[in-house]
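Please look over the sequence and the model below before reading on.

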Amino acid sequence: MIIAEQKPLAEIAGFVKDCERVLVAGCGGCVTVCLSGGEKEAEILAGALRIKRRIEGRPLETVTYTAPRQCDPEFIEAMDCVVQGVDAVISLACGVGPQYLAERYPDLPVYPAQNTKFAGGSRAHGVWEEYCGLCGDCILHRTGGICPVIRCPKSIQNGPCGGSQKGKCEINRDLDCVWQLIYDRLKRLGRLDLLKEVAPLKDWSKSRDGGPRRVIREDVMI
Amino acid sequence: MKGFEPQIVAFCCLNCAYSAADLAGSMRRQYAPNVRIVEIPCTGAIDQGVLLQAFEEGADGVFVAGCLEGDCRYQQGNIRAKKRLKALQKILDETGLGGERLEMFNLSAAMGVRFAEIADEMTSRIRSLGPSPLKRKWKGSAPE
Ligand code: SF4
Ligand code: SF4
């Protein structure tokens with residue numbers, strides 16, 4: 001999932017300092033699961049903004065609405081009635097949501113309430129970690145299911161750098177050297193031969209250098 | 001502030017604090033009449049949004065009272081509530097309302113006297129903090 005972390009209240013309040021009525025839009029997707037931008041968080045943010053503004057003597061009216069997802073046009077359309085009469089929209093979705101909303105509502109300012117961090121998962125309750133760099137050309141089949149692109153600070157593709165020591169990464173001693181993990185796992189699987197294969201150059205053209213990427217599938221079009 | 005009587009909402013776990021409040025009553029132990037009690041099934045069930053709402057709707061102070069640590073009927077409810085309240089106190093600081101208007105207490109069902117003390121403690125804390133800044137009247141704004 002996409003992991004996001006809410007911006008400080010003061011920053012969000014600053015975006016809407018001249019507004020009198022705003023829509024606080026939660027998202028029912030990833031940010032609900034990582035507990036930063038779902039229905040509950042939208043209510044809390046709206047409440048906190050109202051309290052702050054009332055104390056400042058300039059009350060803010062809020063409307064809250066949580067779309068099942070903010071990254072699908074049909075769910076955005078459903079927001080047409082709730083944006084009526086608001087001066088701005090605050091989106092609690094990942095960076096995709098505010099952009100979808102900005103596109104749908106060209107006359108309304110749309111502000112992000114989140115810093116969108118990474119694609120990852122939960123390690124424990126309240127702990128999320130990055131697992132995939134969205135490189136567009138997955139090589140996990142060669143690396144024992146462990147991603148060197150994102151989990152190695154240098155994104156090294158062909159074995160550890162010289163700084164790998166006792167299984168720890170030279171960039172951060174709290175990190176396991178991912179190439180040590182890859183080696184250990186392939187050894188356990190009896191597949192160290194995979195490391196001897198000369199891998200083709202990684203095709204970075206499928207990564208993020210050519211502007212926004214697109215996936216098009218005729219078979220699911222209606 | 002002269003004549004200020006704090007309005008305090010107490011969210012009390014039915015397994016401990018709520019019974020303790022009851023016991024304080026049966027013992028005829030006097031405590032500050034400023035506290036309004038809301039029974040909840042466990043402090044772990046408390047929603048941060050509801051606590052904010054209590055402030056928005058006029059509370060000068062709010063406290064949540066759960067079982068002694070280690071004694072939660074649901075094992076961890078009170079520990080979780082403690083962390084959630086801490087996070088909410090930070091939000092309250094950021095809003096300008098002040099996290100010190102929100103507090104968590106732990107007590108058992110047998111601690112009627114302690115409940116009365118908590119009610120008094122919280123009332124005097126809020127009395128010294130003064131009315132909630134949400135009750136401040138602004139020029140030109142409608143009276144609350
Ligand atoms: S190799 Fe690329 S696609 Fe595969 S997990 Fe790593 S970053 Fe993600
Ligand atoms: S020590 Fe390992 S994980 Fe760290 S930068 Fe070098 S190869 Fe990458």
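A salt bridge is counted here when a side-chain nitrogen of Lys or Arg lies within 4 Å of a carboxyl oxygen of Asp or Glu. By that rule, 2 salt bridges are found between chain A and chain B. This is a predicted model, in which local features need pLDDT of at least 70 and side-chain atom pairs count only at pLDDT 80 or more, while totals for chains, interfaces and linings use all residues. Residues are numbered from 1 along each chain as its sequence is written, chains are lettered from A and ligands numbered from 1 in the order in which they are written, and side-chain values use heavy atoms, with hydrogens and water left out.

**Charged pairs**

- Over all chains, the structure holds 22 salt bridges.
- A:R50 and B:E56 are joined through their side chains in a salt bridge, at 2.6 Å from N to O.
- Another salt bridge, at 3.9 Å from N to O, links the side chains of B:D47 and A:K40; this pair crosses between chains, from the loop between β2 (35-40) and α2 (48-56) of chain B to helix α3 of chain A, where helices (H or I, at least four residues) and strands (E, at least two) are DSSP runs numbered from the N terminus.

**The contact between chain A and chain B**

- Taking contact as heavy atoms within 4.5 Å, chain A supplies 12 residues and chain B supplies 16 residues.
- The buried area, meaning the accessible area (1.4 Å probe) that two parts lose on being put together, summed over both, is about 1400 Å², and carbon and sulfur atoms give 63% of it.
- In chain A, the residues that lose the most area to chain B are A:I51, A:R54 and A:I55, which together make up 50% of what that side buries.

- Chain A is divided into domain 1 (2-117) and domain 2 (133-200), with bounds that come from an automatic or database domain assignment.
- The C-alpha centres of these two domains of chain A lie 39 Å apart.
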